[in-house]
Amino acid sequence: MVKERSMDIYLPIANMSVNVFLLMGLGGLVGFLSGLFGVGGGFLLTPLLIFIGIPPTVAAASDSNQIVAAASSGAYAHSRMGNVDFRMGIILLLGGITGGSIGVQIIKVLAARGNVDFVIKLVYVFVLGTIGAFMFIESLGALRRSKAITEEAFSLEPKESMIRKMTARLPLQVNFAKSRMTTSAVFPFILGASVGILAAIMGVGGGFIMVPAMIYILGMPTIVAIGTDLFQIVLTCINVTIQQAIRNHTVDLVLVILLFFGSTVGAQIGVRVGRRLRGEQLRILLGIIVLLVMGKMLIDLLVTPENLIGLARGGGGH
Amino acid sequence: MRRGLLGLGLFTGLIALGILRSSVFGAEDIVKCLPPCVEKNLLSEKFHVVTITGQAPPSAEIILKIVAPNREFKLNKSGKGLGFVWLPIGHAEVKNIPGMCILLSSAKVSDILSEKDQKVAGLTSDFQEIYQQAQIHHKEDPNQGEKAALKREYLSGLIRILKEAGLYRFQEGAVKISQGQFEAQLIHPSEAPLGKYRVFCYAVKDGKAQLFNEQSFLVRSAGVAEWLSHQAHGNAVVYGILAALIAVGVGLFVGAIFKRGGGH
């Protein structure tokens, strides 16, 4: 038998060998989309890793670690430009840490019960379905109007939302000078905690939920929302990474480094390509991609499995 | 005097055991596994090849059974829930089952061994012996009447998964015999568990299978892979902090190089 030569690398935590170029290619693809659309790729990368056979808990934990690297570079640049509301970021972070810790415990309990794969898929289907459908419908409407609405979603000025009016009555009112607003600290804390739980379960930074929430619900200026979001994502995902490493032993450092090599290059290409496309074209493309990922996960839940017995993969490949 | 007699008896017994062992298993060097130790390092590919060679008894066909250390599997059973989605409706833990089990033979097994003899020797293509040795613990105890059927359902599902992963295989014609020597190449997938693998060598003659040798080889992680795995499991706090620091360091380094923001 002739042994084929290939560029495989052994992932010690996932306990499997995978082609280096496949991993870097996945990182590159997600980085490209990240650079193209200005959102993180965590919500796409985790399912892609699961598709190629990485155990779901290893995929989610390693992706959180990869997000630390990706978000650090962005947060650094934004902080230099004065786009980070540190006070808001710290409160969101406290919520994120609380939520992240709860999320990791949820994963641990679900892994012990054997439900972790199902819950991760269900959360993905719900979140991706909602966001994908919203983006698709919104951008389709924009295309029909045939107007070049560049960065519509992120260019709205702060509005007085119903929730914001309600939070004005809550205790612990804090002035957030950079965000040009005064609101109860309880509200961003709850928002951070909710995203933290999702981040831990889905292995994502949560930017694609947090940024619209900060703009539309909290009423923060777009650029400050993005900078502050990146700042809190770095710290939230550091917490998730360490928690996953301690409790579940599922962070595969080799996998993380390879993904980051790919995503760094991909992001640079994505940014350049993105400059040539209109805002609604980008959003409709992203909406389609998000819906495709959601569709694949939905099919897995609806179609009769070939084998009714499955491995309950809680805790990596060991 | 009585002590002397007891000692002599023990000594004779040990010699007799040694003679018996060599007559059953043959000399130690009849069968060889190369490499004797498979090391999984960072550059390991999707599979390793272990070559098993040895002296074949005259006019006999050869069957090799390669068994990995036992391991535990946590399994889910899917069923319809909420009326339309497939979700886990049962959970079980299976113990005492090899993480890998491969049967390699020099001829079609059904031609050289009857079904009954295959079962007796534990050389069936559907790994029947696994069903007997495996222990299963259900999360919620099933009715006494359905226990056996449920065990069979879980185990057949698990064996199917392991077959698809290339961890359970039955390959006829994979052992080549030439001039009294046999040779087989075992494809060892990267997903296979670490530990000591036992190689049982059977000679089949006149419809009877006889175990004539038993060898072993070792599979272990090595180098950086071993270090990382050890740190992740044995030194998890440091490993987690290290993973986070490396990510921050790389991110800041790249950010400084490109000097640009990046949405997330």
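User: Where does A:Asn15 lie in chain A, and is A:Asn15 buried or exposed?

Analyst: A:Asn15 lies in the loop between E1 and E2 of chain A, in a model that is predicted. The cut-off for a buried residue is 20 or more other C-beta atoms within 10 Å, and A:Asn15 has 22 such atoms within that distance, so A:Asn15 counts as buried.

User: What makes the phi of A:Asn15 worth a remark?

Analyst: Phi of A:Asn15 is near 50°, which is a positive value in a residue other than glycine. Most residues other than glycine have a negative phi.

User: Phi of B:Asp206 is also given; what is its value, where does B:Asp206 lie, and is B:Asp206 buried or exposed?

Analyst: Phi of B:Asp206 is near 50°, again a positive value in a residue other than glycine, and B:Asp206 lies in the loop between E12 and strand E13 (208-221) of chain B. A residue with 12 or fewer C-beta neighbours within 10 Å is exposed, and B:Asp206 has 7 inside 10 Å, so B:Asp206 counts as exposed.

User: How do you know whether the peptide bond from B:Leu34 to B:Pro35 is cis or trans?

Analyst: The omega of the bond from B:Leu34 to B:Pro35 is near -5°, and this bond is cis. B:Pro35 itself lies in the loop between strand E1 (31-34) and strand E2 (37-40) of chain B.

User: What is the basis for saying how far helix H8 of chain A is enclosed by the rest of the structure?

Analyst: Of the 17 residues of H8(A), 13 are buried, and therefore the helix is largely enclosed by the rest of the structure. Helix H8 (residues 186-202) of chain A reaches 24 Å from its first C-alpha to its last, which is close to the 24 Å expected at 1.5 Å a residue.

User: Why is strand E4 of chain B described as enclosed, and which strands are joined to E4(B) by bridges?

Analyst: Six of the seven residues of strand E4 (residues 61-67) of chain B are buried, so this strand is largely enclosed by the rest of the structure. Seven bridges join E4(B) to strand E12 (residues 195-205) of chain B, the two running antiparallel, with B:Lys65 opposite B:Phe200 in E12(B). Five bridges join E4(B) to strand E7 (residues 101-105) of chain B, and this pair also runs antiparallel; here the bridge partner of B:Ile63 is B:Ser105 in E7(B).

User: How many residues does the contact between the chains take, and which element of chain A gives the most to it?

Analyst: The contact takes 60 residues from chain A and 56 residues from chain B. H3(A) gives the most to the side of chain A that touches chain B, with eleven residues. By class, that side has 34 nonpolar, 22 polar and four charged residues.

User: Which residues have the most contacts inside the largest nonpolar core, and what gives the most residues to this core?

Analyst: The largest nonpolar core has 108 residues, and those with the most contacts inside it include A:Leu11, A:Val68, A:Leu128 and A:Val234. Helix H10 (residues 222-247) of chain A gives the most to this core, with 13 residues. A second, separate core of 56 residues has members from both chains, among them A:Ala312, B:Ala68 and B:Tyr202.

User: What do the buried fractions of the two chains come to?

Analyst: Buried residues make up 59% of the 318 residues in chain A, whereas 34% of the 264 residues of chain B count as buried. Chain A has twelve helices and five strands, while chain B has seven helices and 13 strands.

Conventions: Residues are numbered from 1 along each chain as its sequence is written. Chains are lettered from A and ligands numbered from 1 in the order in which they are written. This is a predicted model: local features need pLDDT of at least 70, side-chain atom pairs count only at pLDDT 80 or more; totals for chains, interfaces and linings use all residues. A nonpolar core is a set of buried Ala, Val, Leu, Ile, Met, Phe, Trp, Tyr and Cys residues joined through C-beta atoms within 7 Å. Helices (H or I, at least four residues) and strands (E, at least two) are DSSP runs, numbered from the N terminus. The expected span of a helix is 1.5 Å times one less than its number of residues. Two residues are in contact if their C-beta atoms, placed from the backbone, lie within 7 Å. Ala, Val, Leu, Ile, Met, Phe, Trp, Tyr, Cys and Pro count as nonpolar, Asp, Glu, Lys and Arg as charged, and the others, Gly among them, as polar. Two strands pair if DSSP finds at least two bridges between them.
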